[in-house]
2 protein chains.
Amino acid sequence: MSTFTDRLRAASEATHSLLCVGLDPDPARLPVRDAAEFNRTIVSATADLVSAYKPNLAFYEAMGMPGLRALEKTVQHIRNAAPHSIIIGDCKRGDIDSSAAAYATAMFDVWGFDCVTVNPWGGMDTVEPWLTNTEKGVFIWCRGSNRGAADIQDLAVSGVGNLEQPLYLRLARRSQQRASQGNLGLVVGATAPQQLSDVRGICPDLPILIPGIGAQGGNLTDSVRCGVDTNGRLAVINASRSVIYASSGSDYASAARHAASRLRDEIDAILDAMGLGWK
Amino acid sequence: MSTFTDRLRAASEATHSLLCVGLDPDPARLPVRDAAEFNRTIVSATADLVSAYKPNLAFYEAMGMPGLRALEKTVQHIRNAAPHSIIIGDCKRGDIDSSAAAYATAMFDVWGFDCVTVNPWGGMDTVEPWLTNTEKGVFIWCRGSNRGAADIQDLAVSGVGNLEQPLYLRLARRSQQRASQGNLGLVVGATAPQQLSDVRGICPDLPILIPGIGAQGGNLTDSVRCGVDTNGRLAVINASRSVIYASSGSDYASAARHAASRLRDEIDAILDAMGLGWK
């Protein structure tokens, strides 16, 4: 039985791509009325260019029941049009015992996501219910891409040998200790390359999901160089708005394809320069 | 225009109750097949005994679309059967900028909750999008009722005058500074009475949602004494499993009423003993 990390490696290998496209349909920006149709078009236009798709649950929930039905159709379409792809349910859920287990049921069994993002604020016992199925992946939100991420995640806390360390690094160490099943990864924002580099140093073999390039201003070269493992793999570099809203006109599919293709190629050029390109 | 905190005070006054009932339908424990019917019965049996109901989104999401339709019906039924009640959407959402705004749209505009629980891990800028509508309340998850809450929330960080303080207290201070609009509260678990007391000391006028009595083992007397404000108000004391699953048989409605009534009366007796009973 392959672990989640194995599946992620295979998904990248299949398309020679570390790129993930975030599917965050905002009714105010959609060039068509139907979010499911929009996603279907974006996925069909980019399926050979990406290793993962990442619907953010917030945008579907904001549309009510029709939004949730659009999410259902989107997951189905990705399975058909991009069967190699990992589907990340970006839900950032976090709650205690029976509630955490219920959220895991929702995300893995009801929606059928391959992996999720999880919020660790409640402590490691709130992460445990997500880890029981080793075929499903869990990305712990370790260091955000937003300015406010520093408020809590960067605070100095006592660490190994009573030396002070930032909280996100303490969390990275705890995650590394818990990661032997091949189904645990971390989320670290592209806007914080130093933090990304520090986390990769502590967690050499963990998948890292890296949001924040594109609209949020994270640097792509830094993200790739600091985020990949020693083989140039296991980084999931996400772009949402800069790909899916590359055009607001009727050419949105080809514009998204062009934006994704350029990003994939830029990432691959950085890997080549590191001597870690695809064989 | 009344603030959320005003509405919460009025809801408690209407029933002389600080009790909140958590509506967490678990298919394995329901005495009837339909979660909406179960909730409808529980709400009708307890409407005059509680100031708030708290559906936890996890349990509805775990049932897929039928679960979400049950949640929709539950909110409607509470509006009809308990129009004085506050409805708390226990979603513990937390995400950055446009995602946080989309979650706020979902919880307040789509589902119609009066208030929500929010996860502050991403920093205060992830809480801001929830605070724009002052009629809607936001309970920041400050200190959990679970054992693992200590992993992150209790860590010592530098505070006022470089003195060390636990992270949950730092968060309470930040929240107090931001609370002038009357729509911000905190969640502190009943299983941590010292933490509850410390938070109340820092935030004398903020609503505090207190989960963890009943099935989780929190002490009711401590929760009331440490949790209320100087007037004996603004604590929302939640019981879920110990009320809604008081009986697994066909008498579940009367058993839930009995359990809720006993809790409401115990809380009121504690307030009386403090000289802070209802007039």
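Mentor: What follows goes through the fold of a chain, a few strands and residues, and the contact between the chains.

Trainee: Anything to know before we start?
Mentor: This is a predicted model, in which local features need pLDDT of at least 70, side-chain atom pairs count only at pLDDT 80 or more, and totals for chains, interfaces and linings use all residues. Residues are numbered from 1 along each chain as its sequence is written, while chains are lettered from A and ligands numbered from 1 in the order in which they are written.

Trainee: OK, chain B. How many strands close into a barrel?
Mentor: In chain B, 8 strands do, in the order β1-β2-β3-β4-β5-β8-β9-β10, with parallel pairing. Strands here are DSSP runs of E with at least two residues, helices are runs of H or I with at least four, and both are numbered from the N terminus. Two strands pair if DSSP finds at least two bridges between them.

Trainee: Which helix lies across β2, β3, β4 and β5 of chain B?
Mentor: Helix α1 of chain B, residues 4–15, and it runs at about 125 degrees to β3(B). Angles run from 0 to 180 degrees between N-to-C directions, and the axes are lines fitted to C-alpha atoms, for helices over the stretch in contact. Helix α8 of chain B, residues 193–202, packs on the sheet too, touching β5, β8 and β9 of chain B. The direction of α8(B) makes about 165 degrees with that of β8(B).

Trainee: Switching to chain A. Is β3 buried or exposed?
Mentor: Strand β3 of chain A, residues 86–93, has 8 of its 8 residues buried, so it is largely enclosed by the rest of the structure. Buried means 20 or more other C-beta atoms within 10 Å of a residue's own, exposed means 12 or fewer, and partly exposed is in between, with C-beta atoms placed from the backbone.

Trainee: Which residues sit on which side of it?
Mentor: I86(A), I88(A), D90(A) and K92(A) are on one side, and I87(A), G89(A), C91(A) and R93(A) are on the other.

Trainee: And what does β3(A) pair with?
Mentor: β3(A) pairs in the parallel sense with strand β2 of chain A over 2 bridges, and with strand β4 of chain A over 3 bridges. A52(A) stands opposite I86(A), and V116(A) in β4(A) is the bridge partner of G89(A). β3(A), helix α5 of chain A and β4(A) make a right-handed β-α-β unit. Right-handed means that, with the strands pointing away from the viewer, the path from the first strand over the helix to the second runs clockwise.

Trainee: What about phi of K92(A)?
Mentor: Phi of K92(A) is near 45 degrees, a positive value in a residue other than glycine. Most residues other than glycine have a negative phi. K92(A) is in strand β3 of chain A and is buried, with 30 other C-beta atoms within 10 Å. K92(B) also has a positive phi, of about 45 degrees.

Trainee: Then M107(A). What does it touch?
Mentor: Not counting residues up to four places away in sequence, M107(A) touches G89(A), C91(A), F113(A) and V116(A). Contact means C-beta atoms, placed from the backbone, within 7 Å. M107(A) lies in helix α5 of chain A.

Trainee: Which strands pair with β8(A)?
Mentor: Strand β5 of chain A pairs with β8(A) in the parallel sense over 5 bridges, and 2 bridges join β8(A) to strand β9 of chain A, also parallel. L186(A) in β8(A) stands opposite I140(A) and opposite I208(A). In β8(A), 5 of the 5 residues are buried.

Trainee: Last topic, the interface. How many residues of chain B are in contact with chain A?
Mentor: 42 residues of chain B are in contact with 42 residues of chain A. α5(B) gives the most to that side of chain B, with 7 residues.

Trainee: Why do you say the copies meet through the same surface?
Mentor: Because 100% of the interface residues of chain B are also interface residues in chain A.

Conventions:
Two residues are in contact if their C-beta atoms, placed from the backbone, lie within 7 Å.
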